[in-house]
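Here are my notes on the model you sent over. I went through the charged pairs, then stepped back to the overall fold.

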Amino acid sequence: MKIYTKGGDRGSTSLIGGERVPKYDIRVEAYGTIDELTAQTALLRDMLRKKDITEFDDDLVVVLRKLMNAEALMARGRGGEDKVADIPDADIEYLERRIDEISETLPPIERFTIPGGDTVVSQAHVCRTVCRRAERRACRAASEHPVSANVLMYLNRLSDFLYVTGRRLTLLLGVRETLWEP
């Protein structure tokens, strides 16, 4: 099988189900941003493994798989509605449990966190911000097309998970957490 099809040479692409849309279609923007998040999350996982931090390894493998599912759900067009299974509620509940578990290990704060202190901490926040952008694009797509409500919820919870992960990493790496002083 060839990797290139030449089908997109004129600025359009096919969604799942066969519908052809311009490459700037909001659904393409949404699943493209989720794809970017997937790559950034894989980089975070690789960076953590290099530092022998395994606490989040299983979580990130699950997240990477779910992000691929979210991409496919965002790529559904006419005729593809029943071709991709939705993200189950249990996957959102899993993230909520992990957020609560991680939060219990963190000191309380009343101000925003400024990313930094270590490249791994910063990468967790890069993932968080890309996740927020993916969520905004998915919400915009949902205003114009049928979109799984669970994709929107999953992306929202995932950004919270990535936030507490970044905070937890400051503790694990022994770096100072910097809070915003307005």
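**Notes on the salt bridges and the fold**

1. Asp118 and Lys51 pair up through their side chains in a salt bridge, 3.2 Å from N to O. This one ties distant parts of the chain together: Asp118 sits in the loop between β3 (113–114) and α4 (119–142), and Lys51 in the loop between α1 (26–50) and α2 (57–74), 67 residues apart. Asp118 is buried at 17% relative accessible area, while Lys51 is partly exposed at 37%. Bear in mind that this is a predicted model.

2. Glu101 makes a salt bridge with Arg98, with 2.7 Å between the closest N and O atoms. Both belong to helix α3 (residues 89–103), and because they are 3 residues apart there, about one helical turn separates them. Glu101 is partly exposed, at 39% relative accessible area; Arg98 counts as buried, at 13%.

3. Arg167 and Glu177 also form a salt bridge, the closest N and O atoms being 2.5 Å apart. Arg167 is in helix α5 (residues 149–173) and Glu177 in the loop between α5 and β4 (178–179), 10 residues apart. Both residues are buried.

4. There's a network too: salt bridges link Glu19, Asp25, Arg27 and Arg78. Over the whole structure, the search turns up 18 salt bridges. The chain carries 28 positive and 30 negative side chains, and the centres of the two sets are 7 Å apart.

5. As for the fold, the chain has 5 helices and 4 strands, running β-β-α-α-α-β-α-α-β from the N terminus. Buried residues make up 44% of the chain.

Methods
Residues are numbered from 1 along each chain as its sequence is written. This is a predicted model: local features need pLDDT of at least 70, side-chain atom pairs count only at pLDDT 80 or more; totals for chains, interfaces and linings use all residues. Side-chain values use heavy atoms; hydrogens and water are left out. Helices (H or I, at least four residues) and strands (E, at least two) are DSSP runs, numbered from the N terminus. Buried means under 20% relative accessible area, exposed over 50%, partly exposed in between (1.4 Å probe, protein chains only). Lys and Arg count as positive and Asp and Glu as negative; His and the chain ends are not counted. The place of a charge is taken as NZ of Lys, CZ of Arg, CG of Asp or CD of Glu. A salt bridge is a side-chain nitrogen of Lys or Arg within 4 Å of a carboxyl oxygen of Asp or Glu.
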